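Please read the numbered points alongside the structure shown here.

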Amino acid sequence: STADIGLIGLAVMGSNLALNIAEKGYTIAVHNRSSGRIDEFVAEAREQGLDGKTIAKYDLADFVQSVKRPRSIIIMVKAGKPVDDMIEQLLPLLEPGDAIIECGNSLFTDTQRRFDYLTPKGIGYLGVGVSGGEEGARHGPSIMVGGSKEQWHNAEAVLTAISAKFNGEPCCAYLGEGGAGHFVKTIHNGIEYGDMQMIAEVYGVMRDGLGMNPKACAEVFKEWNKGPLNSYLIEITGHVLEAVDEETGRPLVELILDKAGQKGTGVWSAIAAQQMGVPATAIEGAVAARSISARKDERVAAEAAYGKRADKKADVTLADLEKALLAGKIVSYAQGFAVIAKASEENGWGLPLSIIAKIWRAGCIIRSRFLDQMSAAYAKGEATNLLMVPDFIALMKDSHPSLRKVVAAAATAEFPMICLSAALSYFDSYRQAQGTANLIQGQRDFFGAHGFEIVGRGTDLHGKWPSTLGN
Ligand code: 6PG
């Protein structure tokens with residue numbers, strides 16, 4: 001056996017990862033269920049001068065044999081049953097000490113189950129989140145590793161070498177046992193949903209409230225990309241907005257149907273947050289916004305029923321919008337990281353928040369200047385909620401008045417703002433020492449004798465409520 005590592009699943013992400021590994025000087029064996037795709041990969045590798053470092057194997061047993069022991073076998077197949085099927089096919093071919101490294105967008109509870117299944121058999125299982133899309137996979141993704149720590153060390157050099165670098169520091173880290181890597185990747189995607197939705201809401205104000213055309217919007221995003229919002233998503237937003245449709249000469253964005261797709265990670269993030277009792281309203285809002293967007297027919301009917309929104313201008317400046325986006329982002333990341341902190345505690349993962357922020361600084365979809373600030377702030381002391389990290393308290397104090405102004409303007413001018421308004425309400429609830437749940441407790445006790453607390457008097461107290469009601 002001559003290969004340093006193996007990879008199964010040569011769709012775009014898999015083949016790009018394989019080429020990235022070969023380019024870094026490692027010999028990689030590859031296999032794919034359909035042999036046609038293997039042939040195409042061989043041609044691609046040759047074109048890129050990487051054929052010397054790739055070994056194509058058409059037979060699975062041959063493929064496994066060609067990898068040096070203890071083996072590290074990356075699988076990059078569709079999430080769900082195909083992963084389980086692949087594990088079963090590999091199992092009789094592997095030997096104790098070998099590891100399967102699954103790099104898809106898997107549900108972290110599936111990863112945990114697979115880890116628990118393979119560990120007693122002596123086979124390592126690593127569930128690895130890989131972010132950065134096709135380009136990232138080829139030239140440097142952000143890599144979030146979870147699972148068998150011992151086998152991680154066998155693959156550490158390769159995965160570190162292929163990862164993105166931020167100021168020379170690799171965006172790849174071992175984060176914790178079992179499903180930890182895929183959990184962190186899921187929350188990354190939840191945060192990605194929030195970022196994208198908040199950007200879309202601000203675009204909505206520019207388009208409908210300030211009467212800006214896509215080109216003008218693009219210019220603003222390009223400008224913002226030079227400031228505190230500097231990030232991959234702001235940068236690509238500029239490019240998306242300035243693209244022109246070749247057939248009609250019109251801005252492409254105006255021709256794209258306003259129905260967003262989603263493959264599950266946003267929903268999983270929201271469910272995980274809810275299950276653990278961590279409020280993550282920005283992620284939930286972003287998921288809900290995509291679901292509403294998908295119901296185009298209902299929206300068309302509802303607009304007919306209620307009439308078009310009044311053509312009111314939004315009373316905000318571009319500077320307000322920029323700061324509102326920053327404030328929304330702080331809240332959204334505060335929520336996402338609070339979800340991670342809670343999951344870490346519940347699962348005993350020991351997830352390092354500052355390292356997670358660090359490995360998201362480059363390579364991944366949410367990469368940004370903001371994350372550099374965040375990792376630095378967390379490194380000084382890990383408050384679990386970013387809103388309580390000193391540097392961010394200052395940033396939030398400076399930016400929440402703009403968020404307030406933008407959300408208010410949107411409400412008055414009849415723009416939807418599911419995500420930014422959720423972020424603002426979360427912030428206002430979070431910083432409010434005296435809330436309104438006293439009333440909820442009274443209501444719960446009224447109809448269900450659930451009890452309430454009165455400080456200084458006791459915890460399971462009850463009211464003397466009337467037994468009959470007017471109606
Ligand atoms: C990434 C992306 C990637 C993928 C998402 C998109 O980090 O590289 O998040 O994983 O593009 O799965 O998810 P939706 O299809 O749900 O938007």
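This is a predicted model: local features need pLDDT of at least 70, side-chain atom pairs count only at pLDDT 80 or more; totals for chains, interfaces and linings use all residues.

1. Pro-70 is placed in the loop between helix H3 (60-65) and strand E4 (72-75). Helices (H or I, at least four residues) and strands (E, at least two) are DSSP runs, numbered from the N terminus. The peptide bond that leads from Arg-69 to Pro-70 is cis, and its omega is near -10°.

2. Although Glu-414 is not a glycine, its phi is positive, at about 65°.

3. Residues are numbered from 1 along each chain as its sequence is written. The mean pLDDT of the protein (the predictor's confidence in each residue, from 0 to 100) is 96, and 100% of its residues reach 70 or more. For the complex, the predictor gives an ipTM of 0.97 and a pTM of 0.96.

4. The protein is assigned domain 1 (5-178), domain 2 (186-430) and domain 3 (440-471); these bounds come from an automatic or database domain assignment. Taken over C-alpha atoms, the centres of domain 1 and domain 3 are 57 Å apart.

5. Which residues come nearest to the ligand? Of the 13 residues around the ligand, they are Ser-131, Asn-189, Gln-262, Lys-263 and Ile-365. A residue counts as near if its C-beta atom, placed from the backbone, lies within 6 Å of the molecule. Helix H8 (180-209) and helix H12 (265-276) are the elements that give two or more residues to this shell. Domain 1 and domain 2 each supply at least three of the shell residues.

6. The axes of H8 and H12 come within 8 Å and cross at roughly 105°. H8 is therefore roughly perpendicular to H12 (angles of 65 to 115 degrees count as such). Axes are lines fitted to C-alpha atoms, for helices over the stretch in contact, with angles running from 0 to 180 degrees between N-to-C directions.

How values were computed
Angles under 35 degrees count as roughly parallel, over 145 as roughly antiparallel, 65 to 115 as roughly perpendicular and the rest as oblique.
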